Amino acid sequence: MPDRTAGLRTAAAHAEAFLDTLDDRPVAARSDAGAVRTALGGPLPEQGEDPAAVIDALATGAEPGLVATPGPRHFGFVIGGALPAALAADWLVSAWDQNAAFHSLSPAAAAIEEVGSTWTLELLGLPRTASVGFVTGGQGANTTCLAAARNAVFAGAGWDVERDGLIGAPPIRILCGEQAHATIYTSLRLLGLGEQTTIRIPADAQGRMDPVALAEALAANAGPTIVCAQAGNVATGAFDAFEPIADACTEHGAWLHVDGAFGLWAAAAPATRHLTAGVERAASWAVDAHKWLNAPYDGAMAIVADPDAHLAAMRLAGPYLVADPGQRDSTNYVPESSRRARAVPIYAAIRSLGRAGIAEMIERNCAQARRIAKQLSTIPGAEVLNDVVLNQVLVRLPGGDDGNRAAVAAIQRDGTCWLGGTTWNGEYVLRVSISNWATTDEDVDRSAAAVAAAVTG
Ligand SMILES: Cc1ncc(COP(=O)(O)O)c(C=O)c1O
């Protein structure tokens, strides 16, 4: 009999060794993909190898190319860590190797997904009757939600887009805030709705869609319409004003989609909940679990208020795909058929923190964003450019674009923390995102000192 678990024990030892380095290793990778390619590439192996030897070689070869993204001082992009229970649950997902497409393939995966859905809706204050699909990320969630939106708005215009497609379909309008995330446009392209056809609604200095301009644009023309709003701008953390936006959408019969990849978690914490006021009035919501909930990659939720629109856009049917009566087949809410049971680590993340722990993590990360903003603003010539309402900070360091680019490179080289840059209002600036369960105030202080040192050289 083959030893099924020897490789697992080797993997556990390597995983433990990696996790033990997270607090202290330089955050950036030690080498680029070239070194890993050299270590792990070469000719296609003719003969197989012992599982433990494969894992050993893999872990050793990958090591210099690993980034401490799950560590407490990676403040680039919007990167969460992996809560211990969620990480361990993710290992179980692989060991169980369940196909989470159908109830008949895994009643366990189906049930855990249902519980995860219910808990997520409650945490986020969304309608309990909404349907939830567990997808790979914000991109998948936006695409799934906008597919449901596409179904519903065309149906409202008397057109069955699932049956007849887009050729010959009546025109629809899509309105997005000027600062909509890039993944919204990928979703629109994938759905055959196009990128350049979108009407862009001007945004204010924080990146919030102007609700008056939206109402005017909606009033300018009648017809089936989708509006994309945002909970948490990827640069500033700002929230669109959902009450007036929802009012305008209701008045004009538009489908309101909210991209809340990380920001929607603000609804789960008393100190930040006000930022999401009115968000529950939307028709669909995209939210990541691998960002601020700190579930491991990959996992996100596509949430749709009208389960029929969700099902109509995503359902899978075939002669051998017979549903178990009274049971929920997860595949009917996502674009995939066969898939891993990615709701399991999300369930574990929620259960390990509880409502109070999630609120504490969100509020702590927001306080840490304010803390680092205050510290960075004391660097001579530096300026914090955004209202730090959430976990995102934009800082212009001295020296113009070149100075800021050089500082970002120096910070990444130093390795105490990892910060990226972005272009904001035409300027290259530093961007900080704090969304890790393990980040302490001391991590923030060390990182602010490293930024100051990079500026002063
Ligand atoms: C507002 C927003 N939407 C969508 C995404 C895409 O999420 P993902 O990378 O999980 O697909 C992001 C990523 O940062 C985001 O900030």
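This is a predicted model: local features need pLDDT of at least 70, side-chain atom pairs count only at pLDDT 80 or more; totals for chains, interfaces and linings use all residues.
Figure 1. The ligand sits in the second largest pocket.

**Figure 2. Polar side chains at the ligand.** Asp259 faces a nitrogen atom of the ligand: an N or O atom in the Asp259 side chain is 2.7 Å away. A polar atom in the side chain of His290 lies 2.8 Å from an oxygen atom of the ligand. For Asp288, the distance from a polar side-chain atom to a ligand oxygen atom is 2.9 Å. Taken alone, the ligand exposes 390 Å². The protein buries 84% of that area.

**Figure 3. A salt bridge between Arg163 and Asp164.** The two side chains meet with N and O 2.9 Å apart. Side chains of opposite charge can pair when their charged atoms come close. Arg163 counts as exposed because its relative accessible area is 64%, over the 50% cut-off. Asp164 has a relative accessible area of 33%. That value lies between the 20% and 50% cut-offs, so Asp164 is partly exposed.

**Figure 4. A salt bridge between Arg281 and Glu243.** Here the closest N and O atoms are 2.7 Å apart. The structure holds 20 salt bridges. Among them are the Arg281 pairing with Glu243 and the Arg163 pairing with Asp164.

Conventions:
Residues are numbered from 1 along each chain as its sequence is written. Side-chain values use heavy atoms; hydrogens and water are left out. A polar contact is a pair of N or O atoms within 3.5 Å; within protein, one must be able to donate a hydrogen and the other to accept it, and residues adjacent in sequence count only if both atoms are side-chain atoms. Accessible areas come from the Shrake-Rupley method with a 1.4 Å probe; for residues, only the protein chains shown count as cover. On a 1 Å grid over the protein atoms alone, a cavity is a set of points where a 1.4 Å probe fits but cannot get out, and a pocket is an open set with protein on both sides within 12 Å along at least five of seven lines; lining residues have an atom within 4 Å of a point. A molecule sits in a cavity or pocket if more than half of its atoms lie within 2 Å of its grid points. A salt bridge is a side-chain nitrogen of Lys or Arg within 4 Å of a carboxyl oxygen of Asp or Glu. Buried means under 20% relative accessible area, exposed over 50%, partly exposed in between (1.4 Å probe, protein chains only).
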